[in-house]
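Reader: I am new to this structure and would like a close look at one part of it, followed by an account of what else is there.

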Amino acid sequence: MKRFARSIVLWAVFALFPVSVSAQITDFTGTLGSEEYMNFVSGSDVVSDRYLDGNRVYVGPYVGNFDRGDGLTTPNFSLLCVDFDNYAGSQRVNVTGLGSASDDSDLGATRLGGSAGSLTRYRQAAYLGSLFDSWEGLEYDAGQGQLWTAIHSAVWTVMTGREIGGSEYDLRDRILADHSEASGDFTADGWYVLSGEGDETAQEMLIRTPASTVPEPSTYLLMATGLLFLVAFGRKRMSGLSEG
């Protein structure tokens with residue numbers, strides 16, 4: 001009987017505190033300031049099996065963390081490189097939001113400098129970057145290395161305004177065409193640009209923070225109903241046992 005009562009309590013605890021699942025880029029849950037010191041930890045696990053503009057490069061999310069001072073750092077999180085022309089490294093960064101409340105004028109500290117259409121381009125890059133999470137479900141006949149190369153080539157093509165990867169990247173062009181409408185409508189809430197502070201040679205990155213898992217009021221109602229049912233069932237069972 002005590003075991004049954006304990007199970008009701010444990011069920012209630014898990015129901016009231018849902019678990020948030022993190023994907024490849026959604027793994028930083030801290031509070032971002034307007035400036036941070038970003039430690040570059042490593043490149044992606046995947047290196048392109050082709051040369052992009054003569055350079056062999058990492059494709060997919062990179063790894064970094066933030067220095068909080070006094071030797072304290074945040075847990076590692078994933079970074080999406082959107083700057084093909086510079087090298088990744090530890091640096092102080094300006095943090096700029098890309099969410100629905102932003103507009104071009106808010107992006108003055110970024111590589112694009114708040115020019116007309118800059119927010120749209122960053123949001124397109126963010127959407128394309130989110131495809132790294134679900135690459136296995138994309139309907140293209142390609143392995144991880146080839147597909148990640150094509151996705152990242154698409155990101156860099158959007159951000160630079162020139163074709164990154166060369167004419168042989170037909171898969172890149174298919175991804176750009178297939179996801180054009182969705183990327184154009186993407187609000188990028190929870191996405192931020194990390195731009196090198198006062199350093200024109202610093203590589204620019206995107207980071208995404210996961211939304212809090214907060215149940216809707218209707219969900220709480222269902223939880224309460226379920227708890228009442230379990231309590232009533234438990235009392236009935238206890239009554240039956242005592243009568244026996």
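How much space lies in the largest pocket?

Author: The model is a predicted one, and what follows is computed from it. The largest pocket holds about 300 Å³ of space. It is lined by 16 residues, and those closest to its centre are Val-57, Phe-84, Asn-86, Tyr-87 and Gln-203. Sorted by class, the lining of this pocket consists of nine nonpolar, four polar and three charged residues.

The largest nonpolar core has 52 residues, and the members that touch the most others are Ile-175 and Leu-206. At least two residues of this core come from each of the strands β4 (62-69), β6 (77-81), β7 (91-97), β8 (191-196) and β9 (205-208), and likewise from each of the helices α2 (118-130), α3 (144-160) and α4 (170-178). The element that gives the most is α3, with nine residues. Ile-175 shows what the packing looks like from one member: apart from neighbours within four places in sequence, Ile-175 is in contact with Leu-128, Leu-131, Tyr-140, Leu-147, Ala-150, Ile-151 and Ala-154.

From first C-alpha to last, α3 reaches 24 Å, close to the 24 Å expected at 1.5 Å a residue. The residue that follows α3 is Gly-161, with a positive phi near 80°.

Helix α2 is mostly covered too, with ten of its 13 residues buried. Among these buried residues are Leu-119, Tyr-122, Arg-123, Tyr-127 and Leu-128. The buried residues of α2 pack against the helices α3, α4 and α5 (180-184) and against the strands β6, β8 and β9. The end C-alpha atoms of α2 are 19 Å apart, which agrees with the 18 Å that its 13 residues should span at 1.5 Å a residue.

Thr-96 is part of β7. Its relative accessibility is 7%, so Thr-96 counts as buried, the limit for that being under 20%. Beyond its neighbours within four places in sequence, Thr-96 is in contact with Asp-106, Leu-107, Thr-110, Trp-191, Tyr-192 and Val-193. Val-63, in β4, is partly exposed, with a relative accessible area of 24%. With neighbours within four places in sequence again left aside, Val-63 is in contact with Phe-40, Val-41, Ser-42, Asn-76, Phe-77 and Leu-79. Val-63 and Ser-44 are 19 residues apart in sequence, while their C-alpha atoms are 7.1 Å apart in space.

Two loop residues remain, and the backbone is the point here. Most residues other than glycine have a negative phi. Asp-70 has a positive phi near 55° and is not a glycine. Asp-70 lies in the loop between β4 and β5 (72-73), and at 82% relative accessibility it counts as exposed. Ala-188 is not a glycine either, and its phi is positive, about 60°. Ala-188 sits in the loop between α5 and β8. Its relative accessibility is 0%, so Ala-188 counts as buried.

Conventions
Residues numbered from 1 in each chain as written. Predicted model: local features only at pLDDT ≥ 70, side-chain atom pairs only at ≥ 80, totals over all residues. Heavy atoms only, no water. Core = buried A, V, L, I, M, F, W, Y, C linked by side-chain atoms within 4.5 Å. Buried < 20%, exposed > 50% of the residue type's maximum accessible area, 1.4 Å probe, protein only. Helix = DSSP H or I, 4+ residues; strand = E, 2+ residues; numbered from the N terminus. Contact = heavy atoms within 4.5 Å. 1 Å grid on protein atoms, 1.4 Å probe; cavity = no way out; pocket = protein on both sides within 12 Å on 5 of 7 lines; lining within 4 Å. Points joined across faces, edges and corners; volume = space filled by probe spheres on them. Nonpolar A, V, L, I, M, F, W, Y, C, P; charged D, E, K, R; others polar. Expected span 1.5 Å × (residues − 1).
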